[in-house]
Amino acid sequence: MNTNKLQLTDPVNIIPFVGPSFEKKLKKLEIITVSDLLHHIPNRYLDFSKFTKIKNIKIDEVVSIFGTMTFIKNQPTKSGKLMQLGTLEDETGTINMVWFNQFYLAKMLFPGTKLIISGKASWFNRKLAFFSPQYEKILPAGRQGINTVHTGKIIGVYSQTSGITNKWLKARIKYALDRIKIEEFLNNKLGLLNFEDAIKKIHFPKTFKEAEKAKERLAFNEFYNLLITAKERKRKLLKKRGVALIVDQLTVNNFIDSLPFKLTDSQNKVTKEILSDLEKNISMNRLLQGDVGSGKTVVATVGAFATFLNGYQTIFLAPTQILANQHYQTLNSLFKNYKIRISLITGSSIKKDEGISDIIIGTHALLNRKFEKIGLLIIDEQHKFGVKQINFLQKKNPHTLTMTATPIPRTIAQTLFSDMDLSILDEIPENRPKIKTWLVPNEKRSKAYDWISSQITSHKSQCFIICPLVEESESETLKSVKSVKKEFGNLKLKFKKLKLGLLHGKLKEKDKNKVLDDFKNRKIDILVSTPVVEVGIDVSNATIMLIEAADRFGLAQLHQLRGRVGRGKSESYCLLFTENESEKATQRLTALTKFSSGFELAELDLKLRGAGEVLGTKQSGFGNLKIADWSDTKLIKLASEAVNNV
Ligand code: ADP
Ligand code: MG
């Protein structure tokens with residue numbers, strides 16, 4: 001054996017037979033280093049650990065046999081292909097084996113070859129035989145001490161991908177395992193396997209129990225790594241000094257009193273948390289979670305006001321132009337009695353000169369700008385931005401308030417964002433009525449359209465119709481735009497007497513704003529849109545939300561879409577359509593008809609679809625776990641204790 005040790009950080013192409021072509025295929029599996037390869041773990045196991053003698057073979061029983069080849073030949077089949085017929089012998093008898101289209105076996109497994117085969121026997125020409133058994137040549141020394149890879153033990157099965165066979169993958173993993181040196185990083189083992197053993201045993205466990213223990217340790221590592229990274233971020237943050245603001249409570253209270261509504265208890269509590277952070281010379285790093293409509297904007301605005309009173313600027317980042325516009329209007333109206341200079345910077349428009357503004361609202365367009373007196377950075381829907389982009393704005397250590405309407409289950413939030421302080425708005429203002437939600441069977445589609453028409457004509461209400469993105473992508477592709485346009489055409493025929501508007505991400509900003517303004521001003525009855533309306537837009541007269549292909553959205557996202565209605569005082573409705581009648585889809589969508597809290601829905605989706613869906617970031621890989629499971633709260637707790645003791 002080669003005694004050169006491998007490191008986890010070595011590139012995977014250090015392993016023999018991993019040439020450029022396989023390197024590419026492995027990259028598709030996100031395997032780039034030896035560590036990635038060794039963390040590519042079996043998704044199930046086959047038990048080939050039972051050895052038996054040939055005379056004891058029973059039909060359909062999965063066993064392994066150690067024997068010697070006595071015969072093998074290629075034989076044409078009726079369809080003109082080749083099959084390989086072979087015979088294996090041990091001291092108790094002989095058994096036939098059949099393979100298909102593996103002509104090289106006739107040469108490779110020549111008579112006299114010692115072999116272990118694993119599989120199950122079935123009838124062939126009225127005798128028992130193995131069809132395409134796993135096989136492994138062994139050296140003349142015999143079976144004792146032989147370290148098999150494919151037979152004779154519990155064998156891992158890896159998820160299939162084009163171009164890489166299990167056999168190939170396993171041989172590469174075996175090579176790496178024989179040479180790997182892995183350092184333990186835990187001082188106290190906490191009853192877990194050590195790291196190196198876990199890596200070895202996950203691929204080649206002696207028992208299922210062992211495989212389980214190995215998986216537990218590797219899952220632990222995932223949580224541990226997330227937590228330790230967050231801890232490191234926090235440590236760095238604590239070292240940096242921020243600006244301690246002075247909060248003029250009286251003036252701030254006057255502003256709060258000037259608002260057109262009374263803050264909820266929840267809003268008051270979070271406002272206090274934010275203001276007291278601003279007074280510290282360590283920069284605030286706070287995550288504000290709150291269901292759609294819980295009133296996050298105004299809370300952030302109070303923070304911006306306190307910052308303004310200190311002569312510092314606030315940067316307010318929004319994920320879309322629509323939203324940036326809306327925040328611009330909201331803040332202008334909330335500050336109408338104050339002399340505060342607010343500017344808006346989006347891709348195509350600059351309103352006022354940002355250089356002298358007190359509050360700068362904008363999209364990605366302002367990410368690379370320099371601001372001299374930035375005191376507070378507010379980020380709406382943080383996960384829509386890149387970490388690096390935000391880091392740039394944070395160079396001067398402003399106080400940072402991150403807001404999200406994605407209800408992240410507490411265990412996840414505390415693991416992913418343990419460097420942040422958490423605030424939660426768990427109250428919806430004014431006891432707005434619950435939104436009646438129906439899962440509408442397809443045969444009732446035209447009835448539903450009739451009902452919508454009558455609601456619009458008799459109650460003067462307005463309606464959203466949401467078409468999903470056709471392709472999996474964070475942003476809209478042309479194909480998706482085409483499909484929403486087509487649906488728009490169809491709907492215009494169905495609602496001949498009503499006025500319909502079309503909104504999608506590929507529209508020019510000017511046109512987007514025109515459509516939205518028309519909708520707000522009731523010049524449009526039905527707004528047909530892609531999910532661009534998901535985050536934030538506020539039209540109080542809209543009371544009906546119809547969602548097409550609802551199964552294709554995460555529950556949290558559906559909940560956010562639904563939150564676009566029910567903003568006024570009238571009864572509001574959400575109609576879900578789907579072609580997918582699978583049990584799982586029905587279960588998920590039915591949950592939406594029952595639960596009205598985003599947090600409950602998120603917990604449920606976490607169980608049903610996994611964290612990627614809940615966080616709405618499947619593509620970005622954020623919060624994705626390879627081995628561990630977010631619902632494993634016991635292990636999360638163990639990892640967090642371990643990290644606290646570092
Ligand atoms: P979100 O948390 O979804 O961002 P917004 O900040 O957009 O919510 O607020 C939703 C709506 O509720 C806005 O129209 C806002 O003016 C209103 N609002 C916020 N707080 C209150 C409150 N305490 N009482 C009544 N209405 C409120
Ligand atoms: Mg909002």
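Helices here are DSSP runs of H or I with at least four residues, and strands are runs of E with at least two, numbered from the N terminus. Lys269 is exposed at 52% relative accessible area, while Glu273 is partly exposed at 21%. (Buried means under 20%, exposed over 50%, and partly exposed in between, with a 1.4 Å probe and protein chains only.)

Glu273 has another partner in Arg286, with the closest N and O atoms 3.7 Å apart. Arg286 belongs to strand 9 (residues 285-290) and Glu273 to helix 8, so this pair ties together parts 13 residues apart in sequence. Arg286 itself is buried, at 8% relative accessible area.

Elsewhere, Arg341 and Asp358 form a salt bridge at 3.0 Å, N to O. This one links distant parts of the chain, 17 residues apart: Arg341 is in the loop between helix 10 (321-334) and strand 11 (342-346), and Asp358 in the loop between strand 12 (349-351) and strand 13 (359-362). Arg341 is partly exposed at 41%, whereas Asp358 is buried at 9%. The structure holds 19 salt bridges.

Now for the ligand. Around ligand 1 there are 17 residues, of which Gln267, Gly293, Lys296, Thr297 and Asp538 come nearest; a residue counts as near with a heavy atom within 4 Å. A polar side-chain atom of Gln267 lies 2.8 Å from a ligand nitrogen, and a backbone N or O atom of Lys262 is also 2.8 Å from a nitrogen of ligand 1. A backbone N or O atom of Gly293 lies 2.7 Å from a ligand oxygen.

As for the chain overall, there are 20 helices and 22 strands, and buried residues make up 50% of its 646 residues. The C-alpha trace spans about 100 × 65 × 40 Å along its principal axes.

Residues are numbered from 1 along each chain as its sequence is written, with chains lettered from A and ligands numbered from 1 in the order written. For this predicted model, local features need pLDDT of at least 70 and side-chain atom pairs count only at pLDDT 80 or more, while totals for chains, interfaces and linings use all residues; side-chain values use heavy atoms, leaving out hydrogens and water.

Notes. A polar contact is a pair of N or O atoms within 3.5 Å; within protein, one must be able to donate a hydrogen and the other to accept it, and residues adjacent in sequence count only if both atoms are side-chain atoms. A salt bridge is a side-chain nitrogen of Lys or Arg within 4 Å of a carboxyl oxygen of Asp or Glu.
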